[in-house]
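User: I have a structure to go through before I set anything up. Can you walk me through it?

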Amino acid sequence: MASSGIPRATATWLATIPPTLRDKLAGVGLIDAEKRKEEEEQRMAEAEAKANALGSFIDAYIAEREELVKVGRLVADTIRLERATRENLCDHFGADRPLTEITGGHATGFYTYLLTKGGAPVKKCGPKTMLRERTPLAEATARKRVSIASRFFNHAMDLRIIDRNPFAKINKSNIATKRRAFVSEADALKVMAHLPSAEWKVMFALSRWGGLRVPSEVVMLEWSHINWEGKKILVHSPKTQRYEGHETREIPLFPELAKVLSELKAVAPAGKKAVLQMARFWTGGGSVRDPLKTAIKRAGLEVWPRLWHSMRATRQTELEDRFPSHVVCKWMGNSKEVAREHYLTVEPHHFAAGAEPKQVKDVA
């Protein structure tokens, strides 16, 4: 019986049973021991090949990283970017592509793909998903995803799956995007008048006049974080919490914030800790963008690029005109270098102020 052929169904079953059971069957002559060994070696080789395929390898890597999110060593947004990069890689190369087959030339091709059609083929609109044509990614975004792809392959090198990183020579340095706008106070007030609720007005104000990151910092704000008497707000920052001493920061309770926060506090549900209760119902990025876009259009304005970042950048530029840079950076939770590259802009009012005659105090 050991030397005779066996039905395909039986062979399939034998390939899935535990090694200990197969050893027992071989010991009593029901299956060929040598054949069992070959099948076991083949099974292990197939399992290794699957684990070292592009999609499976990245999935395992991200699963490990998710554990770091649970203990506060990584932010969830980092995982989101890694998943987006995984989708790009698998779309371009195929999820079953062995890591060992991807070369430096392939990595260059991947960068070109990102710059030409790296945009997501679907867009979430609340609970619905809409198909759309792939669009080019901005160069800054493409470089970021290449940097993340390089991180994946560095991990593969550490595990000795590959000998070299195909993305090593691709330019991954950050570049400052110019896609931001200065949102004047007058325009901001026009938009606020068309926002759908008091909570939306608070979130908008926290971004425009408080400089908070949306959504990561605004969703963590609780009523207990607001010191009404001391006129301060304690901000918890998931983006910087992995750096010791940067888990939180304090900002002034700016007058613009005090007004909308006190109005919301007056109608907030009793016993609720979070300032923004609506955050519980957010289903994706569109949840924090689409209502704002609608309000901007209703205010008769053009939708500005990078909706929330532009307002945070506006506030930093505005505050730098009034306070020392180190103070503003402390409030914003960034560095002077980051502020110069990604936040500060030169606006028309700077030119106007520069053209004014210098005022000399009369001491006579």
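This is a predicted model: local features need pLDDT of at least 70, side-chain atom pairs count only at pLDDT 80 or more; totals for chains, interfaces and linings use all residues.

Analyst: We can go from the overall makeup to helix packing, aromatic rings and backbone details.

User: How many helices and strands in the protein chain?

Analyst: The protein chain has 15 helices and 5 strands. It runs to 364 residues, of which 36% count as buried.

User: And what share of the contacts join residues at least 24 apart?

Analyst: The figure is 60%, taken among contacts between residues at least 6 apart in sequence.

User: Helix packing next. At what angle do α11 and α12 pack?

Analyst: The angle is about 70°, and the axes of α11 (residues 286-298) and α12 (residues 307-320) are 10 Å apart. The two helices are therefore roughly perpendicular to each other.

User: Which residues make that contact?

Analyst: From α11 they are Val288, Arg289, Leu292, Lys293 and Ile296, and from α12 they are Leu307, Trp308 and Met311. Sorted by class, the contact of α11 with α12 has 6 nonpolar and 2 charged residues, with no polar ones.

User: What about the loop between α11 and α12, which residue lies there?

Analyst: Arg306 is in that loop. Its phi is near 45°, a positive value in a residue other than glycine. Arg306 is partly exposed, with a relative accessible area of 33%.

User: How does α9 pack with α12?

Analyst: Helix α9 (residues 198-208) packs with α12 at an angle of about 50°, with the axes 7 Å apart. That makes α9 oblique to α12.

User: Which residues meet there?

Analyst: Trp200, Met203, Phe204, Ser207 and Arg208 in α9 meet Trp308, Met311, Arg312, Thr314, Arg315 and Glu318 in α12. The class count for the contact of α9 with α12 is 5 nonpolar, 2 polar and 4 charged residues. Trp308 and Met311 are also listed in the contact with α11.

User: Which residues of α13 are buried?

Analyst: In α13 (residues 325-332), the buried residues are Val328, Cys329, Trp331 and Met332. They cover an arc of only 160° around the axis, which puts them on the same side of α13. His326 and Lys330, on the other side, are exposed.

User: What do the buried residues of α13 pack against?

Analyst: They pack against β5 (248-252), α12 and α14 (336-342). After α13 comes Gly333, with a positive phi near 80°.

User: Now α2: which of its residues are buried?

Analyst: Arg22, Leu25 and Ala26 are the buried residues of α2 (residues 19-27). Looking down the axis of α2, these residues fall within an arc of 100°, so they line one face of the helix. Thr20, Lys24 and Gly27 are exposed on the other side of α2.

User: Why would residues three or four places apart point the same way?

Analyst: An α-helix has 3.6 residues a turn, so residues at that spacing point the same way.

User: And just after α2, which residue has a positive phi?

Analyst: Gly29, at about 80°.

User: Switching to rings. How many aromatic pairs does the structure hold?

Analyst: It holds 9 aromatic pairs. One of them, Phe93 with Phe110, is stacked, at 5.9 Å centre to centre and 25° between the planes.

User: Where do Phe93 and Phe110 sit in the chain?

Analyst: Phe93 is in helix α5 (residues 76-93) and Phe110 is in helix α6 (residues 104-117), 17 residues apart.

User: Are they buried or exposed?

Analyst: Phe93 and Phe110 are both buried.

User: Which residues do the ring pairs link into a cluster?

Analyst: The cluster consists of Phe93, Phe110, Tyr113, Phe153 and Phe167.

User: Last topic, the backbone. Which residues does a cis peptide bond join?

Analyst: Val214 and Pro215, with omega about 10°. Pro215 lies in the loop between α9 and β3 (226-227).

User: What is the phi of Lys231?

Analyst: It is near 55°, a positive value in a residue other than glycine. Lys231 lies in the loop between β3 and β4 (232-236). With a relative accessible area of 58%, Lys231 is exposed.

Technical notes. Residues are numbered from 1 along each chain as its sequence is written. Side-chain values use heavy atoms; hydrogens and water are left out. Axes are lines fitted to C-alpha atoms, for helices over the stretch in contact, and angles run from 0 to 180 degrees between N-to-C directions. Helices (H or I, at least four residues) and strands (E, at least two) are DSSP runs, numbered from the N terminus. Angles under 35 degrees count as roughly parallel, over 145 as roughly antiparallel, 65 to 115 as roughly perpendicular and the rest as oblique. Contact means heavy atoms within 4.5 Å. Ala, Val, Leu, Ile, Met, Phe, Trp, Tyr, Cys and Pro count as nonpolar, Asp, Glu, Lys and Arg as charged, and the others, Gly among them, as polar. Buried means under 20% relative accessible area, exposed over 50%, partly exposed in between (1.4 Å probe, protein chains only). The arc is that of the directions from the helix axis to the C-beta atoms. Rings of Phe, Tyr and Trp (its six-membered ring) pair if their centres lie within 6.5 Å; planes under 30 degrees apart count as stacked, over 60 as edge-to-face and the rest as tilted.
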